[in-house]
Amino acid sequence: MAAKQDYINEAIAFVKEQVGDFQPLVGIVLGTGLNGLLKEIEVEREILYADIPGFVEATVEFHPGKLVFGRLSGKPVVCMSGRFHYYEGHSMAQVVFPIRVMYKLGIKNLFISNAAGGMNPSFSESDLMIIQDHVALFLPENPLVGPHKEGDRFPDMSEPYDLNLIALAEQLSDRLGIENIKKGVYVSVSGPNLETRAEYRLLRMLGIDAVGMSTVPEVLMARQLNLPVFAISVITDMCIPETLKKAEIEHILAAAFKAEPQMTALFKAMVEKL
Ligand code: HPA
């Protein structure tokens with residue numbers, strides 16, 4: 001099988017031409033309904049995904065996907081407004097391509113957010129969950145499979161989420177008075193369907209606290225490149241088998257919007273300290 005062309009060099013050349021010597025230190029990926037952080041960025045430059053070699057069009061978001069370059073809390077950042085999901089039909093290589101681009105642009109930390117279903121009965125809707133660990137085993141494909149490009153061939157996963165960043169988040173959420181913040185294990189599934197009661201029961205038995213359709217591929221890619229990662233889930237709906245309600249996207253979005261200001265405040269405060 002002929003290898004698919006890798007557009008990483010073209011993508012970097014194109015982006016560098018657009019942003020000049022602007023050097024982002026933090027990469028940020030925003031989840032569904034969690035784009036409010038963009039308003040806090042003093043924007044220097046925006047680049048539409050459609051214009052970047054190797055990027056595919058994001059299909060789920062309500063606005064065109066773009067990379068936003070600017071300052072957050074005075075620090076240079078690059079923020080993905082809209083991400084790629086496997087369920088859109090993209091290959092895992094396409095899903096994680098932007099992470100490779102941000103890495104090559106020189107980011108030193110990666111911050112990720114997502115909307116997730118809560119399976120831990122002590123959680124409530126619109127809680128924030130600091131991701132402490134994850135389960136990748138249910139993903140249909142692994143983004144690191146294939147010819148080795150860069151970083152570790154066999155990336156260690158004993159500490160996928162940076163402990164210093166988790167400690168910083170706990171300290172700052174305390175200071176910001178964010179009380180509805182939890183810690184837990186996230187599992188990524190392919191979607192696009194939500195899970196059955198039997199599946200939630202199974203995932204919960206495995207000690208998993210939240211479920212969603214993103215993040216883990218991006219984290220695997222980042223860890224192969226040795227990028228420190230901080231990730232947070234916003235619990236948008238409770239997934240307890242006995243009390244499960246029909247999932248409605250409007251409801252999920254409303255719960256995400258409700259928690260978004262806290263998530264934004266936390267990211268902003270953390271970036272300030274980096
Ligand atoms: N499963 C269940 N509920 C969710 C998900 C999911 O993948 N994402 C957001 N809410």
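## Contacts and overall fold

A contact means heavy atoms within 4.5 Å. Among contacts in the chain between residues at least 6 apart in sequence, 83% join residues at least 24 apart. This is a predicted model, in which local features need pLDDT of at least 70, side-chain atom pairs count only at pLDDT 80 or more, and totals for chains, interfaces and linings use all residues. Residues are numbered from 1 along each chain as its sequence is written, and side-chain values use heavy atoms, with hydrogens and water left out.

The chain has 6 helices and 9 strands. These are DSSP runs, numbered from the N terminus: helices are H or I with at least four residues, strands are E with at least two.

## Size and surface

Along the principal axes, the C-alpha atoms fill a box of roughly 55 × 50 × 35 Å.

Of the 274 residues, 53% are buried (under 20% relative accessible area, 1.4 Å probe, protein chains only). The chain exposes about 12600 Å², and carbon and sulfur atoms supply 52% of it. Accessible areas come from the Shrake-Rupley method with a 1.4 Å probe.

## The second largest pocket

A pocket is an open set of points on a 1 Å grid over the protein atoms alone, with protein on both sides within 12 Å along at least five of seven lines; lining residues have an atom within 4 Å of a point. The second largest pocket holds about 490 Å³ of space. Volume here is the space filled by probe spheres set on the points, with grid points joined across faces, edges and corners.

Its lining has 27 residues, and Thr 32, Ala 115, Met 213, Ile 249 and Ile 252 lie nearest the centre. Strands S5 (109-118), S8 (210-212) and S9 (229-238) and helix H6 (249-273) each give two or more residues to this lining. S5 gives the most, with 4. The lining divides into 15 nonpolar, 8 polar and 4 charged residues. Nonpolar covers Ala, Val, Leu, Ile, Met, Phe, Trp, Tyr, Cys and Pro; charged covers Asp, Glu, Lys and Arg; the others, Gly among them, are polar.

## The cavity

A cavity is a set of grid points where a 1.4 Å probe fits but cannot get out. The whole structure has 1 cavity of 30 Å³ or more. The largest cavity has a volume of about 60 Å³.

The largest cavity is lined by 14 residues, with Tyr 86, Val 95, Met 213, Ser 214 and Pro 217 nearest its centre. Helices H2 (92-104) and H5 (216-224) each supply at least two lining residues. The cavity lining divides into 8 nonpolar, 5 polar and 1 charged.

Technical notes:
Buried < 20%, exposed > 50% of the residue type's maximum accessible area, 1.4 Å probe, protein only.
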